[in-house]
Amino acid sequence: GCYGSCRESRQIEQSDQSTPLQVINILGNFVRIWSVYSLYSHLSSTGDSIVGFIFSCFVPASVIFLILQKPWKGRPLPNSQIVPTVVNGGVLALYFVLWAKGLLACRPLVALLAEYAGALLGVLSAALYGRKVNIWKKIGGLAAMLLAYYLLSNGWATRTNSPLYSFGSEPLEKATETTGMKEMVLPITAGILSALRRVLARRVSLKNQLKRRLHAITVASATCFLFPFAMWDTILGSTSDSIVKMQLPSWAYLSTVLFGMVLIFYVDNVAEESLHLVFSSPRHLVVSTGCIIILEILYKMDFSLPGLLLCSVILGFGILEATSLDRSKKRPLEAHEPSNGSLHNQLR
């Protein structure tokens, strides 16, 4: 009885401690998604170069990370950690460029939900290195995810194209056409690259403090990777005055740097280390879906609530099945070998 009461009091104490962290996680994801909608409005209205804009965001973000983390201080980093970290910077740069192009092509709602395509790595790892994992269960999760993205590409989350009943009769800012699976390739590829980047970062170091130092090097490396392409795009780009416009500190620019690059990294770290909430998980999808609903309404987008909820439920089920582990005969050491690298610390 004493053991049970102590256990219950410990659980209540842990739950009280996690409540402020959950609020921070929700607010952090909300402002990050808010920055995505601001970026979409800016790029769709101004026609700025995507590569040049992303590079101009990476420059102050890398400076902020280098000042905060000071990777040159402390124990010297070995080449076995620096080299994969620099390579990971190239993956990060490619992810942001493809994601921004997919954002313009598919709208924020689709681009944000496509970020969860990284759970597809769970199916791939199970097929190649799976141990006691029901491969058919993961294939079912893959089919559910593909079905959700197919419905999104056919406009089921938009009021003009959804066959489901849509709430609200207020006028739309502008109606949207169906995206199509061809345009969905960009954000889905970006989502897989994002998951790959997280797996590489976790493989290099599992210690939180060292992970932050290495992330500063990753962002600086991504800036260096994008520099020649940004210069080439600025010189031979479609808009001759794009570099002048990008120097103006617009809200889209500031929010992308502060919320979309800097703050979200620390928020995800807190969620992963303290709340055991990883990005490619149904719980994270629930938070993102709630934020998307609020911002779709605020920005008066072409939006169908039942269609979005249906696609999110199917996508969440697919993620749950695709990233599931065989818990029946799992040893303690296997808790650190999830089928999807993005599932680290998800199990208790």
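Where does His-276 lie, and between which helices? I found His-276 in the loop between helix H9 (251-274) and helix H10 (282-298). Helices here are DSSP runs of H or I with at least four residues, strands are runs of E with at least two, and both are numbered from the N terminus.

I noted that this is a predicted model, in which local features need pLDDT of at least 70, side-chain atom pairs count only at pLDDT 80 or more, and totals for chains, interfaces and linings use all residues. Residues are numbered from 1 along each chain as its sequence is written, and side-chain values use heavy atoms, with hydrogens and water left out.

**Entry: backbone**

I looked up phi of His-276 and read a value near 55 degrees, which is positive in a residue other than glycine. This residue comes just after H9. His-276 counts as partly exposed because its relative accessibility is 37%; buried means under 20% relative accessible area, exposed over 50%, and partly exposed in between (1.4 Å probe, protein chains only).

I then turned to Lys-300, whose phi is also positive, near 55 degrees, in a residue other than glycine. Lys-300 is placed in the loop between H10 and helix H11 (305-322).

I checked H9 itself and recorded a bend of about 40 degrees at Leu-263. The bend at a residue is the angle between axes fitted to the seven residues ending there and the seven starting there.

**Entry: aromatic pairs**

I counted twelve aromatic pairs. Rings of Phe, Tyr and Trp (its six-membered ring) pair if their centres lie within 6.5 Å; planes under 30 degrees apart count as stacked, over 60 as edge-to-face and the rest as tilted.

One of them is the tilted pair of Phe-55 and Phe-227, with 5.8 Å centre to centre and 55 degrees between the planes. Phe-55 lies in helix H2 (residues 50-69) and Phe-227 in helix H7 (residues 208-236), so the pair ties together parts that are 172 residues apart in sequence. Phe-55 is buried at 13% relative accessible area, whereas Phe-227 is partly exposed at 44%.

I next recorded Tyr-95 and Phe-96 as an edge-to-face pair, 5.0 Å centre to centre with 65 degrees between the planes. Tyr-95 is buried, at 6% relative accessible area, and Phe-96 is buried, at 10%. Ring pairs link Phe-58, Tyr-95, Phe-96 and Trp-99 into a cluster.

**Entry: charge over a ring**

I found Arg-198 over the face of Phe-279, 4.5 Å from the ring centre. A charge sits over a ring if NZ of Lys or CZ of Arg is within 6 Å of the ring centre and within 35 degrees of the ring normal.
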